[in-house]
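This report describes a protein chain for a reader who is new to structural analysis. Please examine the sequence and the structure before reading on.

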Amino acid sequence: MREPIERLMDAYERNVNNYHLLMSRRIKDVLLISNLYDACIINEDCRLAERIVREYRGLNLSRPPRVTWAASADEAMRLLDQQDFDMVITMYRLAGMDAFGLGRKIKSRWPNLPVLMLTHNPVPPLYCVPEIGRIPGIDHIFSWSGDADLSMSMIKCVEDLQNVKLDTERAGIRVILLAESSQEQLSALLPVLYREIMTQNEAALEEGLDEEDRLIIRQTRPKVIIADHFEAAERLFRQYKPYLMGVIGSSTLGRECRPEARMGLELLKMVRAESPDLPFLFLTENGDDGKAAEACHAVAVNATEAHLQLTLVDYGRQFFGFGDFVFKDRNQKEIGRARSFNQLRDMLRDIPDDALMDVVKTPALCRWLYARGEIVLADHLQHRLCEETMDRPDRVRRMLEETLQVRQITRQTRIVTDFDRNDPTALTGFMKIGHGSMGGKARGLVFLASQINPESDLVKRFPDVRIYVPDTLVLTTDVFEAFVEANQLDVYSRTTMTDREIAEQFLAGQLPEAVHADLKAVIEKTPYPLAVRSSSLLEDSQSRPYAGIYKTYMLPNNQPDPETRLDELVRAVKLVLASTFFEEPRAFAARALQKPDEEKMAVIIQRLVGRPYGDLFFPAISGVAQSYNYYPMGPMKPEDGIANIAVGLGKSVVDGERSLRFCPLYPQQLPQFSIVEDILENAQREFYGLKTDSGGANTGVHEESALVKCDIIDIEDPGLMRLVASTYLPDEHRIKDTVAAGGHPVVTFASILKYGALPLPEILAAVMDVGQKGMDCAVDVEFSINLPPEGDGPPELAILQIRPMASRGDMAPVDILPEEAKRCFCYSENALGNGVLRDLTDIIYVKPADFDASKTGDIAREISRLNAALAKEGRKYILIGPGRWGSADSWLGIPVRWADISGAAVIVETTHASFTADPSQGSHFFHNMTSLGMTYLNITNGTGDFIKPSWFSSRPVMGVTRFLSHIRLNRPVVVKVDGRRSIGIIRNS
């Protein structure tokens, strides 16, 4: 027979995969049917949409339910015919048809679609069908009294009912049965019950070890199922009896065919006959029923009392395991209180023997664990307490300690562990310092680490390539909070100081002593280059993912003196913390309507991917893959994805410099490499590497002395060049797909994309598929490839980051009429965004006649000054100019930052003889633009795109600089973008 602890560890391993299958059915689209008054009250007074978004953002779900409003029954039926809805909420009063008639009509077409009703008054009995005593077409009725939590409770209630069968079978999720016929009572109790459940769930989240751990906690919260008549309550009780935490029942519970029947006591007696110890809260309106309920060992309360909701809260904490776990002595005096699992574990070691034995003699401890989603642990403890004789306190204490310790070890060994400076193996795997949030970027890495392991299908599919997440250490957000508070730096969230001045203040601050000691241990254990990256709360979030606006520093970490290397690491960490308040993030936050004070920073310290090549360190290839292609060509479809790759460090790609773009499903179709001239013009010419001489990092605010840009021809490693380069033969004016003498190397990646020397396209497609399924949205993945020296192991593909992409789905139709396209002055078939803008009167454009490709830095500064002036006036504008906006390569476009164009509502990229750059989908600038939902038009030669210079020359000029012209119109222009067809126009109003 196996030992109990081994059985517990096996149970954890078996169940961890089940947790990802929970809550598989989500409410994504809600149809709200009401008159205009009720819609306004629900939306404005109760902020339904706002509350839904906030609730789902807290649950880290990618797509909150969308609420669509219909003003009448006829409009509701038209909408139901046009799209799929997961749930209908109808008000009692409707135009065109009563709510019950509408419900019957809906059910006749879509019998499984939940229909719930909100009413200001009790439902008149005349709507009930006498033979069944029920209202056909309506699943549940709720009384609307303006409680802002009721709408969310209704959505949760429907989700719980749709998921409860599979979730109890898969993972033993616990259930509370609420049996109540009164719509007023049900509407009052349900929000209270869910508030307690969610409060309990949030408390458990605070001690989650990593994002996967937190996801499990969210998925394992107790469910609430409601029954509005005795037959339903009886059926649900018997179906979910093994998983019930308790029952809340009313004495006035009716029968299905006889609503007036008082069946509450019958329900209680049936429950007691089959589950004598199950908690039962009995709601009654008279003393006799209350006495009868107490005789059945239920807690009876007066349903008409003013403090019923508080009574429900107290009952839940005492009998359902909500709230703190309270230790009491034999006189029922409190002697200890545990809010978290860790506190419980620590207190169990020290409480008196008598109190300990009282704890294990009642179900209170197991109920508390069930309420916190600790189902495997609670099941195990129940069996242990039943199987073994627990008559000795020392034996009980030892059993509890070893059981709780196994729970902790099992969860920690999944992905993230606490950094231990005395552990000789650090830095290996995924670790953290602190107990706060790991931030958005680290959460994505944790998710990837959970999916990329030796037993995963992804790894097994590509046995000749090592696919992994680099060794990572995260300083959580509480390190940031402690540093800011101790050094009194929080005022800079609202400052007008320059980035350099902010950085100087942060560099002068002192990290917490324990953190400094941990970083010293990191330096002692890591004789290789390090990347120090940002991981803020809002960065890479599901709702509006930031990208590239905070700082990343690369450290050679090769100084002989460990103190010097420690100083460089501490400096880099402080600068990443300081970047929270830099100008660029503040400008982006303002555009995204985020408050700077809401942001907190975690810091990632990661082993830099690559190897030494002479006195430089860099990966063979770096890139970005996106599972949605905004500009598909030929046979490509948007959902086929796109990838951008470059030799060396990924700065070339994410800063919008020259790189190669390909679709993982069609890697040999390269439009920018269609002829020899195109290849020579578009191929990467320079790459980034990290100097590994003894000069040190000398990290600055916006620069890194150790990061250098070199010519491709400087790479002398033949193995690397064979993988990435072809040869241009001038005498023959052709490109040979091998490295050959007598020619010039050209980066084409032909060995990979044409001849399959490395299954990169297939790996990227597989990784994006894993990410997209896990995040339930399109994803953006950053990666690097290392080629170990020949004989030292297989090629390595490291995943550096995964973030959600801004969704283009669920767009409202925008029609651009043929006559509009004919009379517009700007037309693009490569447009991003969706909608109509009618309030723009300011246009800033780069004067074509005065443009100078060598002066793009000066142009960016002029734009910044005009942007600041318009921002003071609160005026948005259209920005038009040549090349690739936001590119760090000034020979590909104008190198503006977000702070330089924070007031732009529309961005237009035009063509110019000096530039041949395609839109860079892999760049951080492009990612942020799509994330913000900015309107973007790209004018491409050789297509139907156009922009009319004559229109601009005939408009009133507000101001002129050396390179720019500022137009201010008397009447606003109209900007329209059809996001489904990627067509955009700008025309006169």
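Leaving aside residues up to four places away in sequence, Asp-518 touches Phe-419, Arg-421 and Ile-433, where contact means heavy atoms within 4.5 Å. The model is predicted: local features need pLDDT of at least 70 and side-chain atom pairs count only at pLDDT 80 or more, while totals for chains, interfaces and linings use all residues. Residues are numbered from 1 along each chain as its sequence is written, and side-chain values use heavy atoms, with hydrogens and water left out.

Asp-518 lies in helix 22 (residues 513-525); helices are DSSP runs of H or I with at least four residues, numbered from the N terminus. Asp-518 counts as buried because its relative accessibility is 9%, and buried means under 20% relative accessible area (1.4 Å probe, protein chains only).

Two packed helices are described by the angle between their axes and the distance between the axes. The axes are lines fitted to C-alpha atoms over the stretch in contact, and angles run from 0 to 180 degrees between N-to-C directions. The axes of helix 21 and helix 23 come within 9 Å and cross at roughly 130 degrees.

| Helix | Range | Residues in the contact |
|---|---|---|
| Helix 21 | residues 499-508 | Ile-502, Ala-503, Phe-506 and Leu-507 |
| Helix 23 | residues 562-578 | Arg-571, Lys-574, Leu-575, Leu-577 and Ala-578 |

Terms used. Helices (H or I, at least four residues) and strands (E, at least two) are DSSP runs, numbered from the N terminus. Buried means under 20% relative accessible area, exposed over 50%, partly exposed in between (1.4 Å probe, protein chains only).
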